[in-house]
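Here are my notes on this model. Please read them beside the coordinates.

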Amino acid sequence: MRNDIMESQPVVSTDNGNKSVQQYIDETPVWSDGTKTASTPMTPMQWRIWSLAAAGKFFEGLVVFTTGVALPLLAKEFSLGPAAHGIVGAASLLGILIGATALGGLSDRFGRKPMFIIEMAIFTIFLVGVTLSPNFPTLVFCLFGLGLALGCDYPTAHLVISESMPSNCRGQFVLGAFGFQAIGALMGAGVGFFILYENPSLSAWRWMYASAIIPAVLVTLARLTITESAHWLFARGENDQAEQVMLRLLSRQPQYPSEIDLGEGSHKDDTATSNEGTGYRELFSEKTRRATVLASVPWFLQDLGTYGIGIFTPTILAAAVGHKKEHATAISDLVQNDMIAAKGAAVIDVLLIFGIIAAVLLADRVGRIKLQVFGFIGCAIGLFLASLSVEFTGLMLLYLIFAGFMVFSFMTNLGPNAQTYLIAGEVFPTKVRGKGAGFAASFAKIGAVLTAFLFPILLADIGVRYLLYILVVTSILGALVTWMMRIETTGMNLEELE
């Protein structure tokens, strides 16, 4: 409903008092004649929260893909060998693995807003550090610090959105923000290409990182202006503060509801104000164990497939955007290869964006579980198509690799890549939601690390075909685990899920 139409006549709140936090957020206003509006209009504060969370995902995609494009240049500047190459690539990944649990879980103790601000401040500080790195150890340390901040963002960005949005469109807004990761990656590829074109020198990689510093500072300052999660405050028994936050969150013209009355805490969890029962042990209690398995195991299996399909990426990109010069020694050759890599990254990003768009449109209509199961099955089909390529040569080989890659890329972003992130932030109780979502993200990154270290060995020992067969099995297993542990959260009130 457009705001100008909303302002054309009085709106009557349906507030009867003693509602829960989510019931107030979900409340649909009625016109003065008693006719219900078609939907609940978003407030300026809800849009601000969403846009600032989306900005964090944008920076994540921007920096991760910038690292890929910058690696050949910084490797030349710091004279890095193969082992050092691996350390640079693993530094951010290790930071994400640790940060998702160690920092993301702190949002359950200190609040969503403080961690939402702190993570972006950490990100900005280490981004400056990467740009100015004088040597290899400093560079690795700062990339690890960037990973810590990005890891914290996995649960925190999800929670600030999901705990402030209406239930019937929560999935669209969470995945809409998540999609900015791919947009940021596309922008990173574009920025990298432009900087290399304008400044074809070894120092170009520093300008790639530096381009994000000022926007990151602005986003950090803007995050100071958002509201705390009323869900989190209410779960701690801080009802008065929760009511004040709700009034700010739902401030709109005309105003509804006119009053917020959360009562004396009929939904209050008396243990929430203490550390007892809110640690990581709670994730494996009888009440929460199923949610932990659903949030963690499919995400882990999805990362195996995502990083596994990467073994074909060089072949695909070479066919799409051109071949690099082998054994580049001159800086001009190195820059030319890097520009080809930037174009290749853009090809991948476009495929990711199409899948995410489909996920945004369908998540609140079809349902998280159905899309995740369907997506895993589609991933298995794509991987199987890629495995058939080993029987052929020439164009048929390339067609099968392309077909498998495209099917996998679309289906994983429609299904498990998007839905695992969405589900992980919804299935846990408020008091451990940050820890649960953070643990799931960290557990998934273990799959990414295992893939990075083990797959080259397996590739040499058993070959491409059987390695891809293994990934087909893991994708099918992901579908089975999702269905067996299913907790459908589509359109459901977060308090009902508890």
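1. The protein chain has 21 helices and two strands. Both are DSSP runs numbered from the N terminus: helices are H or I with at least four residues, strands are E with at least two.

2. This is a predicted model, in which local features need pLDDT of at least 70, side-chain atom pairs count only at pLDDT 80 or more, and totals for chains, interfaces and linings use all residues. Residues are numbered from 1 along each chain as its sequence is written, and side-chain values use heavy atoms, with hydrogens and water left out.

3. Mean pLDDT (the predictor's confidence in each residue, from 0 to 100) is 83 for the protein chain, and 84% of its residues reach 70 or more. Residues 1–10 fall below 50; beyond near neighbours in sequence, they have 21 contacts in the model. Residues 266–277 are also below 50, with 15 such contacts. Contact means heavy atoms within 4.5 Å. Where pLDDT is low, the predicted coordinates should not be read in detail.

4. Of the 498 residues in the protein chain, 56% count as buried, meaning under 20% relative accessible area (1.4 Å probe, protein chains only). Cys142 is buried at 6%, and Cys169 is buried at 15%. The structure holds zero disulfides (pairs of cysteine sulfur atoms within 2.5 Å).

5. Among contacts in the protein chain with a separation of 6 or more, 82% join residues 24 or more positions apart.

Definitions and conventions
Buried means under 20% relative accessible area, exposed over 50%, partly exposed in between (1.4 Å probe, protein chains only).
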